[in-house]
Amino acid sequence: MKRFLLLLVFAALVGAPSLFAQASPSAVPAVCPPTTTLDELIKAIDAGVSGPAGKDRACMRELLLPEARLSPIAKAADGSFEPHILTIDGWIEGVKKRGDAVLYEHQVKVSSDVYGHVAHLWSTYELRLNKPDGEPVRGINSIQAVYDGKRWRILDILWQAETPDLPVPAKYLP
């Protein structure tokens, strides 16, 4: 009888998680878009950036190398311009500050230079807040990407938003 109870307890301990556990939505891994080509990488960036502020950013993390930086150019109080250098965690925290806002990003024109496993992408983007057909905010991304033999990943994205004083030049528009 003791042996039977011991086997029953052992079976319950080993099998309990699989028998009784239900996968929560957050436990289900996100299906990230492939990035075997630079075109796929651009689409994956749009998918990673777009969405509600509180969106799961697992796929965005997958796009970036661990040392990656995301750096918007910002105007300083003294009138100079400088990059605001962020890690992926810093970028996610900044995005969360948008509250309930939903962001839609789309790269409208991309040019690339590639040598071996290194690529530089010059990309004009449009951002829309809360409506996919709303008034866009435009700017330019400078993206450094690395091909590891299987997929493209991002080392750095440096960007500057368009302003009335600094419109996106026509040659960078579709």
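The lining of the largest pocket is made up of 16 nonpolar, 3 polar and 4 charged residues. The model is predicted, with a mean pLDDT of 85 for the protein. The protein has 174 residues, of which 29% are buried, and its secondary structure amounts to 4 helices and 7 strands.

**Largest pocket**

- The space in the largest pocket comes to about 480 Å³.
- This pocket is lined by 23 residues, and those closest to its centre are Trp91, Leu103, Glu105, Leu127 and Trp159.
- At least two lining residues come from each of H2, E2, H4, E4 (102–115), E5 (118–129), E6 (137–147) and E7.

**Second largest pocket**

- The second largest pocket holds about 220 Å³ of space.
- It has 14 lining residues; Trp122, Ile140, Trp159, Gln160 and Leu166 are the closest to its centre.
- E6 and E7 are the elements that contribute two or more residues to this lining.
- E7 gives the largest share of the lining, with 4 residues.
- By type, the lining of the second largest pocket consists of 10 nonpolar, 3 polar and 1 charged residues.
- Trp159 is among the residues closest to the centre of the largest pocket, and Trp159 is also listed among those closest to the centre of the second largest pocket.

**Helix H4**

- Helix H4 spans residues 88–96, and its buried residues are Ile88, Trp91, Ile92 and Val95.
- These residues lie on the same side of H4 because they cover an arc of only 100° around the axis.
- An α-helix has 3.6 residues a turn, so residues three or four places apart point the same way.
- The cover over the buried residues of H4 includes helix H2 (38–49), helix H3 (58–63), strand E2 (64–75) and strand E7 (152–161).
- Trp91 is one of the buried residues of H4, and Trp91 is also among the lining residues closest to the centre of the largest pocket.

**Overall fold**

- Read from the N terminus, the order of elements is α-α-β-α-β-β-α-β-β-β-β.
- Of the contacts in the protein with a separation of 6 or more, 53% are between residues 24 or more positions apart.

**Confidence**

- A pLDDT of 70 or more is reached by 83% of the residues of the protein.
- Residues 1–28 have pLDDT below 50, and this stretch has 3 contacts in the model beyond near neighbours in sequence.
- Where pLDDT is low, the predicted coordinates should not be read in detail.

Key:
Residues numbered from 1 in each chain as written. Predicted model: local features only at pLDDT ≥ 70, side-chain atom pairs only at ≥ 80, totals over all residues. Heavy atoms only, no water. pLDDT = per-residue confidence, 0-100. Contact = heavy atoms within 4.5 Å. Buried < 20%, exposed > 50% of the residue type's maximum accessible area, 1.4 Å probe, protein only. Arc of directions from axis to C-beta. 1 Å grid on protein atoms, 1.4 Å probe; cavity = no way out; pocket = protein on both sides within 12 Å on 5 of 7 lines; lining within 4 Å. Points joined across faces, edges and corners; volume = space filled by probe spheres on them. Nonpolar A, V, L, I, M, F, W, Y, C, P; charged D, E, K, R; others polar.
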